[in-house]
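Subject: Structure handover

Dear colleague,

Please find the structure below. My notes on its pockets and on one helix pair follow.

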Amino acid sequence: MIALQLRRWRFGQVAPLTLGLTILVSVGGLSFALLQGWPLWLVGTATVIPWLPILTIDAARIFRVCQWLALFYVLVVTQTGHLLEHVAQMFQIHVLALTGADARGVFGTLDIEWVHFLWNTWVLLAVVVLLRHFGANRWLWLTALFSSWHAVEHAYIVSV
């Protein structure tokens with residue numbers, strides 16, 4: 001039943017005008033923040049915020065078809081943002097030759113151990129919930145293994 005609904009439904013269908021306006025507002029936020037000399041985390045925030053309505057509307061559309069797929073969608077989007085934050089850190093370290101506090105990514109103010117621990121806890125909980133509904137998915141089991149290991153790492157670091 002769900003597979004039939006998903007075939008009829010188009011993922012990520014955003015009107016070209018909406019997409020264009022979002023890109024324009026996002027670039028405008030980026031430009032304004034850079035011209036004002038805002039800290040990097042505020043520049044990133046001004047660039048990302050215009051995309052939140054599209055993410056929310058897409059997640060709501062997916063939720064109407066399959067609630068658990070909406071959780072997976074939000075998990076993938078947030079983890080992609082997390083990955084891009086690490087890419088920014090690697091760029092700062094290896095291309096810009098920055099070190100220490102200058103090489104903490106775009107949202108470096110959140111680069112504290114408790115935030116890492118909470119983030120990994122969110123990922124682990126989402127994966128466990130998804131496993132209850134999609135237990136036959138091997139990739140989800142692999143994700144559960146890695147996120148468990150990573151959560152234990154951060155739990156240990158917080159305890160020390």
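The lining of the largest pocket is made up of 14 nonpolar, nine polar and four charged residues (nonpolar: Ala, Val, Leu, Ile, Met, Phe, Trp, Tyr, Cys and Pro; charged: Asp, Glu, Lys and Arg; polar: the others, Gly among them). The model is predicted, with local features needing pLDDT of at least 70 and side-chain atom pairs pLDDT 80 or more, while totals for chains, interfaces and linings use all residues. Numbering starts from 1 along each chain as its sequence is written, and side-chain values use heavy atoms, without hydrogens and water.

A pocket here is an open set of points on a 1 Å grid over the protein atoms alone, where a 1.4 Å probe fits, with protein on both sides within 12 Å along at least five of seven lines; lining residues have an atom within 4 Å of a point. The largest has a volume of about 870 Å³ (the space filled by probe spheres set on the points, which are joined across faces, edges and corners). Its lining takes 11 residues, the largest share, from H5 (helices are DSSP runs of H or I, at least four residues, numbered from the N terminus).

The second largest pocket has a volume of about 410 Å³. Its 21 lining residues include Phe-72 and Leu-130, which are among those nearest its centre. By class, 15 are nonpolar, six polar and none charged.

H6 and H7 pack at about 150°, with axes 9 Å apart (axes are lines fitted to C-alpha atoms, for helices over the stretch in contact, heavy atoms within 4.5 Å; angles run from 0 to 180 degrees between N-to-C directions). The two helices are therefore roughly antiparallel (over 145 degrees).

Regards

Notes:
Parallel < 35°, antiparallel > 145°, perpendicular 65-115°, else oblique.
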